[in-house]
Amino acid sequence: MLTAKTILLAYHGTEGAKRAEALAYEIISREGGRIVHLLIVPEDVWVGMQGDDWLNNASTRDTYGSYVEGVLEKDAAEQVAVVEAHCKQHGLAYTPILRLGDPADCVIAAAREEKVDLVVIGPPRSKKESGLRSRMELDTLGRGLPVPYVVACGE
């Protein structure tokens, strides 16, 4: 059976991320186990939200930018609270990380910095599910990670 002491969990509240979280709790060692919760805001999404085609002056753009940052911060705080509470229930240490950028690059960097044993991610989102359409480049992930990764099964 696969076990790991420190797991990097890419979690952002989607159904696939919830499956990844459940799998991480099955795999993790209860003795000194730690979940490193990585929340990624894909850079292309942020840039798209900051497009200035209709934001015709700096003041409007800054106001809108502050609003978007507030929404993202609120969402991140909600996701952190969920995973942190679950880790507490399972008796695990918890470390949250928020990154802006390419999803695969963010996972690779966080795995190296946090010295994790395993990375757990969710399956690709189905077309029926709402939300961001960013994709994890598995080739990039597989070539760049210093540790193995597991993709939680879809339905």
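## Salt bridges

A salt bridge here is a side-chain nitrogen of Lys or Arg within 4 Å of a carboxyl oxygen of Asp or Glu. The structure is a predicted model, in which local features need pLDDT of at least 70, side-chain atom pairs count only at pLDDT 80 or more, and totals for chains, interfaces and linings use all residues. Residues are numbered from 1 along each chain as its sequence is written, and side-chain values use heavy atoms, with hydrogens and water left out.

Side chains of opposite charge can pair when their charged atoms come close. The salt-bridge rule gives a count of four. One of them joins the side chains of Arg99 and Glu113, with an N to O distance of 2.4 Å. This pair links distant parts of the chain, since Arg99 is in strand E3 (residues 93–101) and Glu113 is in helix H4, 14 residues apart. Helices (H or I, at least four residues) and strands (E, at least two) are DSSP runs, numbered from the N terminus. Arg99 counts as partly exposed because its relative accessibility is 21%; buried means under 20% relative accessible area, exposed over 50%, and partly exposed in between (1.4 Å probe, protein chains only).

Arg34 forms a salt bridge with Glu114, and the closest N and O atoms are 3.1 Å apart. This pair also links distant parts of the chain: Arg34 belongs to strand E2 (residues 34–42) and Glu114 to helix H4 (residues 103–114), 80 residues apart. Arg34 has 19% relative accessibility and so counts as buried, whereas Glu114, at 22%, counts as partly exposed.

A further salt bridge, between Glu78 and Lys74, has an N to O distance of 2.9 Å. Glu78 and Lys74 are four residues apart in helix H3 (residues 58–90), so about one helical turn separates them. Glu78 is partly exposed, with a relative accessible area of 40%, and Lys74 counts as exposed at 55% relative accessibility.

## Two residues of helix H3

Gln79 lies in helix H3 and counts as buried because its relative accessibility is 11%. Leaving out residues up to four places away in sequence, Gln79 touches Tyr11, His12, Gly13, His37 and Leu39. Contact means heavy atoms within 4.5 Å.

His90 is also placed in helix H3. At 29% relative accessibility, His90 counts as partly exposed. With residues up to four places away in sequence not counted, His90 touches Tyr25 and Arg30. His90 and Tyr25 are 65 residues apart in sequence, and their C-alpha atoms are 7.7 Å apart in space.

## Negative patch

Glu43, Asp102, Asp105, Glu137 and Asp139 form a negative surface patch. Patches are made of residues with over 30% relative accessible area and no salt bridge; like charges are joined within 9 Å, and nonpolar side chains (Val, Leu, Ile, Met, Phe, Trp, Tyr) within 5 Å. Asp and Glu count as negative, Lys and Arg as positive, and His and the chain ends are not counted. The place of a charge is taken as NZ of Lys, CZ of Arg, CG of Asp or CD of Glu. Glu43 lies in helix H2 (residues 43–49) and, at 44% relative accessibility, counts as partly exposed.

## The chain as a whole

The chain has five helices and five strands, in the order β-α-β-α-α-β-α-β-α-β along the sequence. Of its 155 residues, 40% count as buried. Among contacts in the chain with a separation of 6 or more, 76% come from residues 24 or more positions apart.

The chain exposes about 8900 Å², and carbon and sulfur atoms supply 52% of this area. Accessible areas come from the Shrake-Rupley method with a 1.4 Å probe; for residues, only the protein chains shown count as cover.
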